[in-house]
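Here is a short briefing on one protein structure. Please look over the sequence and the model before reading on.

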Amino acid sequence: MKKFLSQLDHALIERTIAEAEKKTSGELRVVIHRKPAPDPVATVKAQFEKLRMHRTRERNAVLLLVAPESRTFAIYGDTAIHEKCGDSFWSDVATAIGDHFKQGDFTGGIVHAIDRAGTLLATHFPRRPDDKNELSDGVVDDGKVI
């Protein structure tokens, strides 16, 4: 886990989130979950609710959860996103993240996931003139935005 955390470029991740959100009304977040997450899907859903991501105006938020202790991750999109893209998109993104992680490219995997999710959001939820950033772009690490 220390190797993962020491190699993570939080500033690049946050810039990537901010850039992706310039093209969409959707919201993107990344959580580093320091406890083991043997069921990453349940964990990402719980974090999604805890962070109140379901309260965005268009129900179009995406959360990427990475649990380095258990070497697991999951990506979760709110109801409006899931209706537009289905399971295959998330499977493709997960495969790409896994490939990056296997090579030790942790920041690259996260950035790739943000880029892919941002592209999907921009296609289905383009940015509106009155759009506001509803959620912080900061990486959430062990429950704290850093």
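The points below cover overall build, aromatic contacts and salt bridges.

This is a predicted model, in which local features need pLDDT of at least 70, side-chain atom pairs count only at pLDDT 80 or more, and totals for chains, interfaces and linings use all residues. Residues are numbered from 1 along each chain as its sequence is written, and side-chain values use heavy atoms, with hydrogens and water left out.

**Overall build**

- The protein chain has five helices and five strands. Both are DSSP runs numbered from the N terminus: helices are H or I with at least four residues, strands are E with at least two.
- The order along the sequence is α-α-β-α-β-β-α-α-β-β.
- The C-alpha trace spans about 40 × 30 × 25 Å along its principal axes.
- Of the 146 residues, 49% count as buried. Buried means under 20% relative accessible area, exposed means over 50%, and partly exposed lies in between (1.4 Å probe, protein chains only).
- The chain exposes about 7500 Å², and carbon and sulfur atoms supply 50% of that area. Accessible areas come from the Shrake-Rupley method with a 1.4 Å probe; for residues, only the protein chains shown count as cover.
- Among contacts with a separation of 6 or more, 71% join residues 24 or more positions apart. A contact means heavy atoms within 4.5 Å.

**Aromatic contacts**

- A search of the whole structure finds three aromatic pairs. Rings of Phe, Tyr and Trp (its six-membered ring) pair if their centres lie within 6.5 Å; planes under 30 degrees apart count as stacked, over 60 as edge-to-face and the rest as tilted.
- One of the pairs is Phe48 with Tyr76, edge-to-face at 4.9 Å centre to centre and 75° between the planes. Phe48 lies in helix H3 (residues 40-50) and Tyr76 in strand S3 (residues 72-77), so the pair ties together parts 28 residues apart in sequence.
- Phe48 counts as buried at 1% relative accessibility, whereas Tyr76 is partly exposed at 25%.
- Phe101 and Phe106 are also edge-to-face, with ring centres 5.6 Å apart and planes at 70°. Both residues are buried.
- Phe73, Phe101 and Phe106 form one aromatic cluster.
- The charged end of Lys84 sits over the ring of Phe125, 5.9 Å from its centre. The criterion is NZ of Lys or CZ of Arg within 6 Å of the ring centre and within 35 degrees of the ring normal.

**Salt bridges**

- The structure holds six salt bridges. Each is a side-chain nitrogen of Lys or Arg within 4 Å of a carboxyl oxygen of Asp or Glu.
- Arg34 and Asp141 meet at 2.7 Å, N to O. This pair links distant parts of the chain, 107 residues apart: Arg34 is in the loop between strand S1 (27-32) and H3, Asp141 in strand S4 (residues 140-141).
- Arg34 is partly exposed at 32% relative accessibility, while Asp141 is buried at 9%.
- Arg128 and Glu58 meet at 3.3 Å, N to O. Here the partners are 70 residues apart, with Arg128 in the loop between helix H5 (106-124) and S4, and Glu58 in the loop between H3 and strand S2 (61-67).
- Lys22 pairs with Glu19, the closest N and O atoms being 2.8 Å apart. Lys22 is exposed at 52% relative accessibility; Glu19 is partly exposed at 42%.
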